[in-house]
Amino acid sequence: MERFHTAVKLKEADRVPIAPLMDYYYANCAGITAKEYVFGDFKVAANAVKTTYRRHGGDLDMVHIPIGRVYAYFEPFPAAHSGFYSPLQVPDTVGGSLQFLEEPILDIAEFDLIYEEGFSRLWRPLPIEKVRRTQLEFLQILKFMDYWENRMHVPLYTLTAIITPLETLSYLCGINRWSKYIHKYPEKMQEMCDFMIKGLIANDLFLKKLSQSRSKHAYVCLERVSSSFISPKIFEELVLPYLKQIVTINNKLGYINLFHMDTEWTPFFEYFLELPKGRYILHLENSDIFKAKEILGDRFCLMGNVNSTLQKLGTPKQIMDYCKKLIDICGEGGGYILGSGCEIASDAPFENVQAIIDAGKKYGVYRK
Amino acid sequence: MIYLAEIIDEKGKINYDLALNNLKVFLYGREGKIDTTMKYKDLRFYRRNFRLVLRSLSFPLVSKVLSLWRTLGYRVLHRYFQLNVIAVMNKLKERAKGGE
């Protein structure tokens with residue numbers, strides 16, 4: 001845990017932390033199907049995490065809770081993949097992963113109804129028994145968290161989650177409608193974002209309080225509000241003000257802002273310099289991480305970005321070479337965590353994931 | 001940023017009453033009605049799964065719950081449970097019946 005948090009403080013630990021984000025890969029590595037992992041007993045999923053950690057030599061500096069099952073039946077808030085809002089498909093094969101079947105379920109004409117009746121208006125019919133069971137699993141998640149944080153001293157990726165209002169709307173309205181609404185009805189979108197942010201922050205505050213995580217990572221989902229999806233102007237008006245509110249609260253509570261930044265963010269890097277001082281991890285996927293080191297490296301800890309194509313289709317040598325480059329450039333002077341871009345592909349070969357770990361151990365040593 | 005000052009003060013103290021209200025408005029709306037009565041079937045489920053609850057218990061977990069009780073108090077915890085667990089179940093049942 002110390003190694004990880006030293007990097008967050010932009011300092012050099014004994015070596016670069018090795019923290020590829022995993023979820024369905026745990027199932028693959030433990031030889032169980034995605035379905036068993038998501039819908040089976042929680043113990044099965046928790047054991048898959050332990051098995052993966054052990055098989056990779058106990059060298060992982062971070063683990064993740066089996067989050068798919070939480071998305072499926074636990075999340076009444078419209079987090080990206082909540083089963084309350086859209087159907088989820090979970091294959092009964094080893095190496096598969098949960099698929100969120102995105103359907104547009106919210107029209108701008110219904111916004112007034114949402115203000116009156118809330119987002120529960122959009123919930124799908126769900127099997128009550130499964131929802132009850134998942135709610136009860138929260139106790140086991142806390143136990144899981146205690147095992148990793150207090151007994152193994154391995155930090156967890158996160159136990160809280162917040163998503164910016166505009167991005168949440170993309171999942172509910174569907175990308176096509178959402179893009180149209182942003183340009184045609186910016187005021188209405190802003191009004192809705194103002195309505196949503198209060199509830200999203202409230203939910204996150206309770207999650208923080210209930211989990212009382214030692215790692216103190218505050219996950220902020222930043223996937224669909226990047227330069228791959230919106231213009232700088234839209235980012236300035238409909239994302240940045242809300243992001244500032246979120247991080248201000250995290251900073252006041254002493255949390256580390258963990259930005260999960262999928263897709264391409266390079267053209268927006270400068271905006272991050274406007275964020276208040278605090279502790280940050282920018283977990284990058286397809287952005288130029290070397291440029292990030294140049295622009296943001298003296299204020300933000302960087303994490304990433306071995307992408308899923310390389311994980312799945314590359315050779316161990318190619319992966320080790322890319323990791324070496326990452327460590328040499330981004331690891332310079334500390335403030336870097338070796339990780340995956342987004343998460344490890346559910347069907348990534350074992351030896352390719354091991355190559356990331358081996359590279360971290362071989363090239364990431366700061367001092368012996 | 002006016003909202004921020006209301007929800008959290010300079011020292012990081014959170015206004016949980018406001019947070020609960022925001023949670024309610026977000027999920028159930030400004031005028032949405034919620035049913036926070038625990039139904040017999042739900043109670044039966046928890047009774048049936050009592051062993052699962054016991055299995056999940058550990059010393060750190062109990063101390064976490066006690067710390068929550070101390071910092072949030074019964075009223076806030078109870079209300080949160082009502083909004084995020086009981087009302088969710090009841091709303092789902094209501095929607096399943098198509099009687100929303």
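What percentage of the 368 residues in chain A do buried residues make up? The figure is 54%. Here a residue is buried if 20 or more other C-beta atoms lie within 10 Å of its own, with C-beta atoms placed from the backbone.

This is a predicted model: local features need pLDDT of at least 70, side-chain atom pairs count only at pLDDT 80 or more, and totals for chains, interfaces and linings use all residues. Residues are numbered from 1 along each chain as its sequence is written, while chains are lettered from A and ligands numbered from 1 in the order in which they are written.

Start with the whole of chain A. It has 16 helices and eight strands. Both are DSSP runs, numbered from the N terminus: helices are H or I with at least four residues, strands are E with at least two. The radius of gyration of chain A, 20 Å, is close to the 21 Å from the globule rule, so the chain is as compact as a globular protein of its 368 residues. That radius is taken over C-alpha atoms, and the rule is 2.2 Å times the number of residues to the power 0.38. Along the principal axes, the C-alpha atoms of chain A fill a box of roughly 60 × 45 × 35 Å.

Now find the sheet. Six strands of chain A form an open sheet with parallel pairing, in the order β3-β4-β5-β6-β7-β8. Two strands pair if DSSP finds at least two bridges between them. At the edges stand β3 (162-163) and β8 (336-340) of chain A; each has a single partner strand, so one side of each is left without a neighbour in the sheet. Look next at β6 (residues 280-284) and β7 (residues 301-306) of chain A, which pair in the parallel sense over three bridges. Here A:Leu282 stands opposite A:Leu302 in β7(A).

Helix α13 (residues 289-296) of chain A comes next. Its A:Ile289, A:Ala292 and A:Lys293 are buried. They cover an arc of only 105° around the axis, which puts them on the same side of α13(A). The arc is that of the directions from the helix axis to the C-beta atoms. The buried residues of α13(A) pack against β6, β7 and α15 (316-330) of chain A.

Finally, turn to chain B. In chain A, 37 residues are in contact with 41 residues of chain B. Contact means that two C-beta atoms, placed from the backbone, lie within 7 Å. The elements giving two or more residues to this side of chain A are α6 (111-117), α7 (128-151), α10 (186-211) and α12 (240-252). Helix α7(A) gives the most, with eleven residues.

Terms used: A residue is buried if 20 or more other C-beta atoms lie within 10 Å of its own, exposed if 12 or fewer, and partly exposed in between; C-beta atoms are placed from the backbone.
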